[in-house]
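Here is a short walk through one structure. Keep the sequence and the 3D view at hand as you read.

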Amino acid sequence: MTTPGPRAAQHGVRGDLFDPQCPTRQLLDRLGTKWTSMAVRTLADAAPEEVRFAELRRRMPGVSQKMLSVTLRSLTRDGLVSRRVEPTVPPRVFYRLTGLGLSLEAVLAGLRTWAEEHMAEIDRANYAVDQEAGETEEA
């Protein structure tokens, strides 16, 4: 059986995460960031309304202007977010989730919920490993 090429998804062929040439890996890299999850959540909360760039930034504590721009550009390129510019001075830029983006929110919501519910366990596991590593280094 042949493996689909990098652009096979354009032709309706499902990707294969275990194929090193499959673009699914790059997509998961983009979708797996905290800023992507926060942007999608913020836009989903506002759906179906649009949100201005400055308002998105206010609703996402800690995100820099550059990181938010990069994140939104990636989401727009992937067809998850639509962008509308009003030709004012300065331009007013609005964002909203597309149907595809809304379908991603359900998936990311499950991951965020899991992370929030299990964070204490993860912290304990990290602490235990760090303690063990510290004891090993001292020996």
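Leaving aside neighbours within four places in sequence, Thr42 is in contact with Leu56, Arg59 and Met60; contact means heavy atoms within 4.5 Å. Thr42 sits in helix α2. Thr42 is buried, at a relative accessible area of 8%. Buried means under 20% relative accessible area, exposed over 50%, partly exposed in between (1.4 Å probe, protein chains only).

A word on the source. This is a predicted model, where local features need pLDDT of at least 70, side-chain atom pairs count only at pLDDT 80 or more, and totals for chains, interfaces and linings use all residues. Residues are numbered from 1 along each chain as its sequence is written, and side-chain values use heavy atoms, with hydrogens and water left out.

Now follow the helix that holds Thr42. Helix α2 (residues 34–46) packs with helix α4 (residues 65–77) at an angle of about 75 degrees, and their axes are 10 Å apart. That makes α2 roughly perpendicular to α4 (65 to 115 degrees). On the α2 side, the contact is made by Trp35, Thr36, Ala39, Val40 and Leu43. On the α4 side, Met67, Thr71, Leu72 and Leu75 take part. By class, the contact of α2 with α4 has seven nonpolar, two polar and no charged residues.

Next, look at Gly62. Gly62 lies in the loop between α3 (53–59) and α4. Gly62 is exposed, with a relative accessible area of 71%. Gly62 and Trp35 are 27 residues apart in sequence, and 9.5 Å apart in space, C-alpha to C-alpha.

Technical notes
Axes are lines fitted to C-alpha atoms, for helices over the stretch in contact, and angles run from 0 to 180 degrees between N-to-C directions. Helices (H or I, at least four residues) and strands (E, at least two) are DSSP runs, numbered from the N terminus. Angles under 35 degrees count as roughly parallel, over 145 as roughly antiparallel, 65 to 115 as roughly perpendicular and the rest as oblique. Ala, Val, Leu, Ile, Met, Phe, Trp, Tyr, Cys and Pro count as nonpolar, Asp, Glu, Lys and Arg as charged, and the others, Gly among them, as polar.
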